[in-house]
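User: Hey, I'm new to this one. Can you walk me through it?

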Amino acid sequence: MTASLLLLLLLSAGQPGSQGATGCWTACQRHVQDPALRARVCRTCLTSGRAEGWLLELTGSPEPAAQAALRSALGDPNWRVRWGAVRARAKLQGVLDRRMLADWVSDIPARDEVVACVTAARAAAAAGASTASFLKDAGGRGPAAAARIWEKRDAVRRVLEMEVYAEDAALRGEALLHLATFLGRTPARVVLEAMAQRPEFADAAPASALLWVADKQNTSVGRLLLLEARQSSDQPLINRLFAVYSQELEALQKGLSTPDVASRRASVQSLRLYGPLARRELERALGDEDSGIRQIAARAFAQAEGLSLTEAAGQWLRRADAEPATRRAWWEVAAADKKCDAFLLELARDTRLSPVTRGEAVAKLSECEKLARRHFDEVSTFLTDAQPQVRAGAVRALAQPRSALGDGAVAAALEDAAPEVVVAALFVVGQHRQKERAEDVVALLDAASPEVRQAAIEALERLGRAQDVKPLARVLSEDRVAAVRVAAAHALGVLGGPFAASALSQAVSKDSDSHVQHVARRGLVRLGFNPP
């Protein structure tokens, strides 16, 4: 690779907005006039990657050309280059950066003071401070410099507002954040005030700037605007912003339908920045088949409300109208939290919640990263709860990991009067392949509850015993509930054998339910037969 090609590649990697290697090289070439000094100094842009990186190289050179370059850089269009020149001069004179800044602001002629004041305002804002605070430690001239900057605040505001509306999108967000910090106002308020003086067709620029700030502050534009909308005169301006964001949301909606998981994730990541404005889209993402996408959507909801993930999960799980897919996502969030045991126990104990929610909370305790022994003992207290859903949740929770306590809970649950509890026990038997309980499971094929009969079939399928084929074939031919016969047909297709094939063939030709016929036919194919 030639030196010129390497230079081209490095410069092309620079960041937009006159930053990075490209901005550094351009600024150095603009201000360093001496060819020999330029060749020596500008090459630092290839390693520093900062628009002002070359300036510090000038501090080691006593040449008049170096001093001329520093003076020239004080008038650069890029505020970072100007601030870099101030810092370089401070290094030369052995004083603090802020003191040199205060001296520059204080001594600059009136015709050039706006450039110096904007530089000071942005340097202070980049440090997260007002100019008064930033220059407080700048020596005796600091207060006077801060006062001069504040006197020029309208001019500073106009300059920064122009950057908020700049064609270069990379400049807008930072300019908005700096302006808001300088004025001591929220970014949303600054945007609304700027929009009030400009036509509607230019709204895309401040809208993108506010989106950048939301990302920087780990929040959303929806939340920023909702917190700021206090005056009736704000509503028309907010509606103008909503119109811009609505168009962007329409484009992102398409990304939620793509079969590519990476594309869907990218779309949800972008939706996160819209917060409450993207509520419908985020609810849809909560039901996505990919757990990573569900997690991103949950974080976006929490961020939109200004809540922690656990706080948001608590709010959603306490809602009776939450969709099942939405609840699944929030249960995942709850179980993944480091303090999930305490959170889930709190939900389980809350008798104001529905028995279903309490039971789910108990069951999810088994998914906590580490279920402390004292909490493990506490879960066993739910085995005697008045609500069967809660007892069922306790059986599932105590099964992971398998223990004597869990096995005892399963044995008792198999004799419980509530179908929900028996179903939970059958699930555990199948999950752990507890063949020693197989006969108890076979007996439950005649249970009054179809849910119990179906759960018993599914457990026998997992146990995988050949002797269970005959009782399953009986269920397939005699049970009155189609869903139970479907489960039996599926289990027979898994267990196999001549008797299973005969029972499935009978179901294909004689069962009155088309779904049963379909599953039976599929089972025969799996066993190597070619049913009609």
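User: Which residues touch the most other members of the largest nonpolar core?

Analyst: Trp54 and Trp330, in a core of 122 residues. A nonpolar core is a set of buried Ala, Val, Leu, Ile, Met, Phe, Trp, Tyr and Cys residues joined through side-chain atoms within 4.5 Å. Buried means under 20% relative accessible area, exposed is over 50%, and partly exposed is in between (1.4 Å probe, protein chains only). One caution: this is a predicted model, where local features need pLDDT of at least 70 and side-chain atom pairs count only at pLDDT 80 or more, while totals for chains, interfaces and linings use all residues. Residues are numbered from 1 along each chain as its sequence is written, and side-chain values use heavy atoms, with hydrogens and water left out.

User: What is tryptophan 54 in contact with?

Analyst: Leaving aside neighbours within four places in sequence, tryptophan 54 is in contact with Cys24, Ala27, Cys28, His31, Val32, Val41, Thr44, Cys45, Ala73 and Val81. Contact means heavy atoms within 4.5 Å. There's also a second, separate core of 49 residues, which includes Val422, Ala438, Val469 and Ala520.

User: What's the average pLDDT of the chain?

Analyst: The protein chain averages 89, and 94% of the residues score at least 70. pLDDT is the predictor's confidence in each residue, from 0 to 100. Over residues 1-18, though, the pLDDT is below 50, and this stretch has 25 contacts in the model beyond near neighbours in sequence. Where pLDDT is low, the predicted coordinates should not be read in detail.

User: You mentioned H13. Is leucine 176 in there buried or exposed?

Analyst: Leucine 176, found in H13, is buried, with a relative accessible area of 0%. Not counting residues up to four places away in sequence, leucine 176 touches Val164, Pro187, Val190, Val191, Ala209, Leu210 and Val213.

User: What about alanine 243, buried or partly exposed?

Analyst: Alanine 243 lies in helix H17 (residues 234-255) and counts as partly exposed, at 38% relative accessibility. Its C-alpha and that of alanine 207, 36 residues apart along the chain, are separated by 10.0 Å.

User: Switching topic: at what angle do H20 and H21 cross?

Analyst: Roughly 90°, and the axes of H20 (residues 291-305) and H21 (residues 309-317) come within 9 Å. Axes are lines fitted to C-alpha atoms, for helices over the stretch in contact, and angles run from 0 to 180 degrees between N-to-C directions. H20 and H21 are therefore roughly perpendicular to each other; angles under 35 degrees count as roughly parallel, over 145 as roughly antiparallel, 65 to 115 as roughly perpendicular and the rest as oblique.

User: Which residues meet there?

Analyst: Ala298, Arg299, Phe301 and Ala302 in H20 meet Leu309, Ala312 and Trp316 in H21.

Notes: Helix = DSSP H or I, 4+ residues; strand = E, 2+ residues; numbered from the N terminus.
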